[in-house]
Amino acid sequence: MKTIKVVYWSGTGNTQAMAQAIAEGVEKGEAKADLLDVDTIKADDLKDDTIFALGCPAMGDEVLEEGSMEPFMEELESSLSGKQVVLFGSYGWGDGQWMRDWEERVTEKGGKLVEGKGLMCCEEPDDQVLEDCRKLGEKLANL
């Protein structure tokens, strides 16, 4: 059975709820979901994975969380080429620039965004966003 890692950082629980819904979708798609807080994994742990999901909310001036997720991404960048990647997260203000920057960063390093873009929501994910997360997780399982 295929295992798909869903790695995330969450401050308020919004991105964590999205991560859990993605993991539910992965398992509905009959793969194993490995739901991981970014502080429990090293970028090297993804080097052999061809498909995975990364979640982080917008922080500060629409950037990735700087204590854990940003260092993780810096290490991960060199191994993104050819990988299928889902990006997801929530934001509280702004227009989602952090996600567009993150998408560009992944694609510039050769990563392929599943769905062509990240999945984001403003504040707490509602039922529709959580359903979108589940569908995305199921799609990951079937890639």
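This section describes helix packing and the surroundings of selected residues in a predicted model.

Two packed helices are described by the angle between their axes and the distance between the axes. For helix α1 (residues 14–28) and helix α4 (residues 127–141), the axes come within 6 Å and cross at roughly 45 degrees. The two helices are therefore oblique to each other, since an angle counts as roughly parallel under 35 degrees and as roughly perpendicular from 65 to 115. The crossing in which α1 passes α4 is right-handed. On the α1 side, the contact is made by Ala-17, Met-18, Ala-21, Ile-22, Glu-24, Gly-25, Val-26 and Lys-28. On the α4 side, Val-129, Leu-130, Cys-133, Arg-134, Gly-137, Glu-138, Leu-140 and Ala-141 take part. Sorted by class, the residues in this contact of α1 with α4 are ten nonpolar, two polar and four charged.

The packing of helix α2 (residues 69–76) against helix α3 (residues 97–108) has an angle of about 20 degrees, and the axes are 11 Å apart. With angles under 35 degrees counted as roughly parallel, α2 and α3 are therefore roughly parallel to each other. Here the crossing, with α2 passing α3, is left-handed. Glu-70, Met-73 and Glu-74 of α2 meet Trp-102, Arg-105 and Val-106 of α3 in this contact. The contact of α2 with α3 comprises three nonpolar and three charged residues, with no polar ones.

Within α2, the buried residues are Met-69, Glu-70, Phe-72, Met-73 and Leu-76. Viewed down the helix axis, these buried residues fall within an arc of 160 degrees, so they line one face of α2. The elements covering the buried residues of α2 include β1 (3–8), β3 (51–55) and α3. Glu-70, a residue of α2, has a relative accessible area of 19%. This value is under the 20% cut-off for burial, and Glu-70 therefore counts as buried. Apart from neighbours within four places in sequence, Glu-70 is in contact with Leu-64, Glu-65 and Arg-105. Of these, Arg-105 belongs to the α3 side of the contact between α2 and α3.

A residue of α1, Ala-19, is buried at 0% relative accessibility. When neighbours within four places in sequence are left aside, the contacts of Ala-19 are with Val-6, Tyr-8, Leu-35 and Phe-88. The C-alpha atoms of Ala-19 and Leu-54 are 8.4 Å apart in space, with a separation of 35 residues in sequence.

Two buried residues in loops were also examined. Pro-125 is located in the loop between β6 and α4, and its relative accessibility of 9% places it among buried residues. Beyond four places in sequence, Pro-125 is in contact with Asn-14, Ala-17, Met-18 and Leu-130. Among these partners, Ala-17 and Met-18 also belong to the α1 side of the contact with α4, and Leu-130 to the α4 side. Pro-125 and Glu-24 are 101 residues apart along the chain, and their C-alpha atoms are separated by 15 Å. Asp-49 is situated in the loop between β2 (32–37) and β3. Its relative accessibility is 12%, and Asp-49 counts as buried. Not counting residues up to four places away in sequence, Asp-49 touches Lys-5 and Lys-83.

Positive phi values were noted at two glutamates. Glu-30, which is not a glycine, has a positive phi of about 70 degrees. Glu-30 occurs in the loop between α1 and β2. With a relative accessibility of 65%, Glu-30 counts as exposed. For Glu-115, phi is near 75 degrees, again a positive value in a residue other than glycine. The loop between β5 (112–113) and β6 (119–122) contains Glu-115. The relative accessible area of Glu-115 is 51%, and the residue is exposed, given that exposure is assigned over 50%.

Terms used. Residues are numbered from 1 along each chain as its sequence is written. This is a predicted model: local features need pLDDT of at least 70, side-chain atom pairs count only at pLDDT 80 or more; totals for chains, interfaces and linings use all residues. Side-chain values use heavy atoms; hydrogens and water are left out. Axes are lines fitted to C-alpha atoms, for helices over the stretch in contact, and angles run from 0 to 180 degrees between N-to-C directions. Helices (H or I, at least four residues) and strands (E, at least two) are DSSP runs, numbered from the N terminus. Angles under 35 degrees count as roughly parallel, over 145 as roughly antiparallel, 65 to 115 as roughly perpendicular and the rest as oblique. A crossing is left-handed if the near helix is turned anticlockwise from the far one by less than a right angle, and right-handed if clockwise. Contact means heavy atoms within 4.5 Å. Ala, Val, Leu, Ile, Met, Phe, Trp, Tyr, Cys and Pro count as nonpolar, Asp, Glu, Lys and Arg as charged, and the others, Gly among them, as polar. Buried means under 20% relative accessible area, exposed over 50%, partly exposed in between (1.4 Å probe, protein chains only). The arc is that of the directions from the helix axis to the C-beta atoms.
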